Structures are given as structure tokens and as C-alpha cells.
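Here is a friendly walk through a structure, written for someone who likes to know the cut-offs behind each term. Please have the viewer open as you read.

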Amino acid sequence: MKFISIAIKDFKELIRDQRGLFMILGFPLFFMLVFGFAFGGMGQENEPHLLAVVNYDQGTNFPLTNEEINFGNNFTEVLQDSKYEDSDVNLFNVTVTTESEADRLIKSREVDAAIIIPEDFSQSMVQLINSNLNQQNILATPEGTIPTSNNTTSVIIKGDTSFSNFGVSQAILVGTLQQFQDQTVSTISETISPSTAPSAEFITTSIESVPGTESFSMFDFLAPGMMVFAILLLATTVAAALSREVETGTLARLKMSRMRSFDLLFGGLIPWSLVAAAQILILLAVAILMSFKWQGGLNSLILAIFIAVIGGIASVALGMIIAAFAKNDRQAANLGTLVTVPVSFLSGAFFALPPVVIGDFMGKPVQIYDLLPWTHTLNALRAVLTFGEGLNEIMYSLGWMIVLTLILFVIGVGIFSRTRLRAEN
Amino acid sequence: MEEYVIEAQNLSKDYSGFKAVDGLNLKIKKGEVFGFLGPNGAGKTTSISMMVGLLRPSQGKVLINGENVEKVDKIVIGICPQELVLWENLTCMESLKLMGDMYEVPGEVLKKRAEKLLQDLFLMDKADTVASKLSGGMKRRLNLALALIHAPNIVVLDEPSEGLDPQSRRVLWNFIKSLRDNEGKTVILTTHLMDEADRLSDRIAIMDHGKLLLLDNPTNLKKEIGEGDVVEMKLNDPEKNNQIIKYLENMHLIESAHVIDNHINIRALNAVGLLPQIMRYLEDNNISIADLSIRQNTLEDVFIELTGTGLRE
Ligand SMILES: Nc1ncnc2c1ncn2[C@@H]1O[C@H](COP(=O)(O)OP(=O)(O)OP(=O)(O)O)[C@@H](O)[C@H]1O
Ligand SMILES: [Mg+2]
């Protein structure tokens, strides 16, 4: 198997080039440290997030008791009353207002975020309760839109995505809403019994604190972004390694042999994927030391590695494309930086970007950034590490990521083979 | 009928208007050592790159065993590039194994062959040293070994003796001879050392400015320019060189007279016999000689005759 020989060779070169290896692992680590200090909220006081609430909820009839109920109002109260964990500081400073006013407040940064509760929120909650009674699980996604039921509109979280406070508020809102739904459903489920129909009063049970929020900081939101940045930087290293092979002529040597492009490029994937996996582990360890609230345990670790490996493959593919255009390894490094840094921004690695919806897919809006595999790498990593979600919840992101990575890889192999693995002109 | 392993037909390479190789036609016989001789920039490397299929010709084509080079299974060719092409962080043994694997050489054979190559090229005690830690000459030898690990029938060596000490050079020469004599390989080598081409090659192609100037065996090449001697003379006053040349050119029986490296190079069938006459002329004109030597015709002289200059370094 020639690709295995190539993999072993690449691996040896990688390990023996200690300075290079140090750069690959050290550079993102440095970023993680800086971001950890800057946004880790170490020694920072918890402060309420400024929130505008727009409540369109029309209320509904609660079927078990036939009482009129408005979950939107309840949720607003919950938001007003929620506290940081182990603290009596409120999570939110709530302004109930209209949508246009909310937009104005967002623009003037008088609020960090706005949450818009749809007309049929109560109906959805009722459906959620019903379906839950039928043993179904519906979970929130971390993207900011919560499918409250199979076929309804969603709660919308709005904000100025270039405003750093928004990221944190959004994350906490998602958590709070999730908590609200779970708590409501479980309260009703627990108290329900054939003889005593529960009163709607149960539903007003407030959530006093949201677990994890006591230390939920901007950093928890950003740390997965750093991991994606690290994975993306791999493209630069891969491009430099491939260009070096071209420049020193070793590629010509290989070209003269029976090696096929597949052997070279597939063989190269193996060590680089390992690097991506190692990066995730190291960065996660550093992030945790820097106060990152890691959710999800061992399972999430395995998922994170898997996500990183796929993201790493996408980066290798990008590296091949860069190497096809670079004449030597310095050019590759420069060109690589020129490409990977903007792509990191576009993938949302540093902060969330303003939405640019270009279509719909499986009931979800597709953003232009969704065409980059690393956007999904980030979503999946954030879901798994920051929000502690499992495989099922990241299937959507994983699916996108795998398909996009495959496409990118085919393009990468095509371009690289065409420019570098044929007789020179 | 002779068997040709490589045939170049009207081979040309243009680099944006500049012709690096210009209409090269030649056939290389099976089992011969074929030398490309030419000064820097003559187009030797460009020619052989096209001949092994690494570089696409602008015009013309290359046939290997009668088949277009693009379609040939590259296992028949082994090329030792002019520059060092090594994996800095792999050891000699690892590099050889890697290339062997890439040529699908079976494990056992590969191990034996790698060991033999390292032995023959005196690299055995460096087998586990990474390439970046080898001396320049050792790197050269590893560079060569990498071209041979798949036992190709056609061995292409681009200035293989560059950077080797005299001892290593002798090792290399013997090695090349044994490739031909004991293993029946066809060897193509480029060099700008006349001596090397003369000693090793069965046939020599002399190139300059991308063109083939002459192709023959060393003996014939020397004969073509005429048997005879070469007188090399250095004057105390180099300003007088041109005056002497003018005189010599008009002299009977002199085949050629050139200034090379401040020496006056005179070729004649019987240069010794002409010396007294030349000396008399020098004396009459009060020109003194710093250095004088007489020697046999060499390939260098052939080259000078063809190109009008010595080897450009
Ligand atoms: N990629 C290239 N682009 C442009 N010109 C080139 C390129 N490669 C070679 N040349 C030119 O082609 C000519 C022949 O080069 P080549 O390398 O074949 O010479 P050579 O005979 O091998 O010389 P040397 O003895 O120095 O190795 C040179 O003038 C060189 O500058
Ligand atoms: Mg050359």
C-alpha cells in the first residue's frame, strides 16, 4: 500500500521537524491563552445582560385544564427572574418592547440582544408538552433558533453580531429557553396524573438560576472558535509541506515512480488528521485551564475529535489548493495565511457574523457561511463542548461538514494533480 | 540492427521565446554509456528532463523502447537529478525504502538492494543518519542511490560527479562502468568535465545553446578535429595576445589559435615542429613567455574547436 508508506513518511517528517511541529501546536495555543485572558472573565463580576423582549404570543387554551394561558408572558417573567448560578445577580435586565423599538435598541447597543416570541409560542409549548407526554424529545439547537415543535415558527434571538456581548447573551438565552421548556414539560409531566388535572399555575414556576451561567463567559463561546482557527491554520502548514516537496524536487522523484496522486494526497491525510485531533485535545485542555466550562464528558471528547478530524481533512484539501498556486513554501505560508485568516472570520471563529441567508434547507435557513465546512465544524464543536450536546444534535452540522469536505477534497486533489503531478510545462 | 532504448525526435523547449533546447535528434543504444557534454546553460538538464518525461517538450517527442515517454511505465527509468533531491528528515535507509515502496519493489528484494547500494556507495555506516546530517558528498551518493533502488534499465545521471572528492569520483566512475558492464544498463550522463565524458562514455553528444553540435565516440571526436598536439602558451604581457593570434592565424599548418583563460591555445598536426618558428617571431617582437606546455588533443580541445571558447563556468 503506497499511501501507507507516504503516510509514514509524512508522519516522520512532521515529528522530526520539531520547530514546525511546535509552531503548529503552539501558535493556536498562544491564541487560546490570549483569548482566555481577554474574555475568560477571570475575576470579573457577573452583570445582567441587557435584553429586549418582544412578545407576540397570543396565548392558547391549556387542554388539560381548559384555562387560558400565555407561555410567552411566563417566559418573559422567567427571563426577568433568572439569576446567575449561586448568585443573586439577575441574568437579564429585561425591557419589554415592540420589535421596531427592539431593533433601535440593538442598533444603539442599548441592549445586547432581543428575543422575539412568536404568536404561536403557547401553542407550540402545548404541542411540546403533548409530544413529550408521548415520549418524544425535542431539543434546542445552539444556532439561536429553537424549533419549539415540528411545524411552527421559532423563537428568534436578534442582535448585533459584531457586538461581543451578543454572543454571550445569545448563548445564555438559548440555555434559558431550553431550561424553560424542559422545566415546564417536566413540571407538568411530574404532576400529571389521571385524577388530578394540573392547574396552569404550575407553569408559572420560575427558573431561579440557569446552571453553568455563573461562569458562562464570552470565552466559552469563543474557545471552540479558536479550535476551528487552529484547524484552519493546518491548511497553511499542509500547503507549505506540499510546496516544499515541489520546490526541493522530491515531488518530481515521486512523480517518476509508480505513485499515484491518490497515494500522495490520501497518505498525507492520515498524519494531518492526527494533528487536528491532537490540536483539539491540547486546545481543550488549555481552554479548560483558562476557565472554559466544558460540558459533555468523555463522549463529547470523542465527538470533538471526530469533528476535528473531518475539519482537518477539509483544511488539508484547502492546503492542496493553496499549494497548487504557490511556488515555494514561503509563498505557500503567506498565501495560506491570506486565505485561512479570512476564512476563519467567515466561519465565525472569532465572532458571529451578520446573517446572510441564501436559501432554506431541511427547514433551516442556509447562510452563505454555511458553504464553508469549517462553519459547521465550529457549530458542531460548540454544540458538543460548550453546550454538551450529543451525536444526534450535531447530525445536521456533521452532514454538511462531510459533504462539503468531500467536495473540497475532490477539488483539491483535482487542482493539485493537474498543476503539480503532471509533466511540467 | 542496433537496439535503441531512447529516441529523441526534433526535441525542443521554448521558455517564452528563449530556446533552451533546439531541435534535438538522437538515439541512445541499449547498454551504452551516453554522455551529454556542454557548458553551463547548454540545455543538458532540459534535454534529459524531457527525455525522462518530467518536462513537456514544446515540440518533438521522446520514444522509450519505441513507446511515447508519457505512456511508459516509469519503472524502466531512474533519474539522479543535478540538485540534491532528498527528504531532509528521513534517514538514508528510510529514503531508499520509501522510493522502493513507491516503485512497488517487494520487501525482501528492497531490503537487500538498499543494503547493497549503501555498501557500494560507502554509505553503510550512515544508513540511519538523516539526510540533513550527511556531508555534501554523502548526500550526492544518496541522491544517486535513490535513482537506482528500483533497478531501472535506463539510468539517467545529471552531473553525478559534481561535489565529489577525487576518491568518491573514482568510486562513482567504477560504479557507472559496472552498471553497464555487469548489469547491462543503459546510462545517460551529463557532465561538463571533458575528462569524465572521455573516460566513461561510449558516445558523446556535445551541446551548446540548445543544439547538438557533434555526436560520436570519444576517439572519433578527437580524430575529427585532427590528431596532433596542443601548445598552450602564456605571455608575460597579455596585451600582446591578439597580435600573436593574428600572426598565428596566417601561419601555415596551424589549425587553430584561440585565447582561452589568458593562454594562447594553438592546435596543429605537428605543433612541436612549428614551435621554433613561433619562438623566433616572439623573439623578434620582444615578447616573453611566462609559461609553455605541449600536450595531446583532448575533448576540451574538440569543444573549443566547436564553440570557440573554453567551458563557461
Ligand atoms: N524553467 C525555466 N525557465 C526559463 N528558462 C529556463 C528554465 N530552465 C532552464 N532554463 C534555461 O534553459 C537553458 C538551459 O538550461 P539547462 O538547465 O538545461 O542547462 P544545463 O546544460 O543543464 O546547464 P548546467 O551545466 O549549468 O547544469 C538555460 O539558459 C536556462 O537558463
Ligand atoms: Mg544541468
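Predicted model: local features only at pLDDT ≥ 70, side-chain atom pairs only at ≥ 80, totals over all residues.

Residues are numbered from 1 along each chain as its sequence is written, chains are lettered from A and ligands numbered from 1 in the order in which they are written, and side-chain values use heavy atoms, with hydrogens and water left out.

**Chain B at a glance**

Chain B has 10 helices and 14 strands; helices (H or I, at least four residues) and strands (E, at least two) are DSSP runs, numbered from the N terminus. Its C-alpha trace spans about 75 × 45 × 40 Å along the principal axes. Of the 313 residues in chain B, 52% are buried. Here, buried means under 20% relative accessible area, exposed means over 50%, and partly exposed is in between (1.4 Å probe, protein chains only).

**Around ligand 1**

Which residues come nearest to ligand 1? Among the 13 residues around this ligand, they are Gly41(B), Lys44(B), Thr45(B), Thr46(B) and Gln82(B). A residue is near a molecule if one of its heavy atoms lies within 4 Å of it. The shell divides into 5 nonpolar, 6 polar and 2 charged residues. In this sorting, Ala, Val, Leu, Ile, Met, Phe, Trp, Tyr, Cys and Pro count as nonpolar, Asp, Glu, Lys and Arg as charged, and the others, Gly among them, as polar.

Strand E2 (18–29) and helix H1 (44–52) of chain B each supply at least two residues of the shell around ligand 1. H1(B) gives the most, with 3 residues.

A polar side-chain atom of Gln82(B) lies 2.7 Å from an oxygen atom of the ligand, and a backbone N or O atom of Gly43(B) lies 2.9 Å from one. For Glu159(B), a polar side-chain atom lies 2.9 Å from an oxygen atom of ligand 1. Taken alone, ligand 1 exposes 630 Å², and the protein buries 62% of that. Accessible areas come from the Shrake-Rupley method with a 1.4 Å probe; for residues, only the protein chains shown count as cover.

**Salt bridges**

Side chains of opposite charge can pair when their charged atoms come close. A salt bridge is a side-chain nitrogen of Lys or Arg within 4 Å of a carboxyl oxygen of Asp or Glu, and the count over all chains comes to 23. Here are some of them.

| Salt bridge | Closest N and O atoms |
|---|---|
| Glu104(B) and Lys2(A) | 2.4 Å |
| Lys12(A) and Glu94(B) | 3.3 Å |
| Arg180(B) and Asp181(B) | 2.8 Å |

Why does the pair of Glu104(B) and Lys2(A) join two chains? Glu104(B) lies in the loop between helix H2 (92–102) and helix H3 (107–120) of chain B, and Lys2(A) lies in helix H1 of chain A, so the pair joins two chains. Glu104(B) is partly exposed, with a relative accessible area of 42%, whereas Lys2(A) counts as buried at 10% relative accessibility. Lys2(A), Arg258(A), Asp73(B) and Glu104(B) are linked in a network of salt bridges.

Lys12(A) forms a salt bridge with Glu94(B). Lys12(A) lies in helix H1 of chain A and Glu94(B) in helix H2 of chain B, so this pair joins two chains. Lys12(A) counts as partly exposed, at 25% relative accessibility.

Is Arg180(B) buried or exposed? Arg180(B) counts as buried, at 17% relative accessibility, and is found in helix H5 (residues 166–181) of chain B. The side chain of Arg180(B) also makes a polar contact of 2.8 Å with the side chain of Asp202(B). A polar contact is a pair of N or O atoms within 3.5 Å; within protein, one must be able to donate a hydrogen and the other to accept it, and residues adjacent in sequence count only if both atoms are side-chain atoms.

**Chain A**

Phe11(A), Ile15(A), Phe262(A), Phe266(A), Ile270(A) and Leu274(A) make a nonpolar surface patch of about 500 Å². Patches are made of residues with over 30% relative accessible area and no salt bridge: like charges are joined within 9 Å, nonpolar side chains (Val, Leu, Ile, Met, Phe, Trp, Tyr) within 5 Å. Helix H1 (2–16) and helix H9 (261–289) of chain A each supply at least two residues of the patch, and H9(A) gives the most, with 4 residues. Ile15(A) lies in helix H1 of chain A and is partly exposed, with a relative accessible area of 38%.

Ala383(A), in helix H12 (residues 373–386) of chain A, counts as buried at 3% relative accessibility. Ala383(A) and Gln295(A) are 88 residues apart in sequence and 9.3 Å apart in space, C-alpha to C-alpha.
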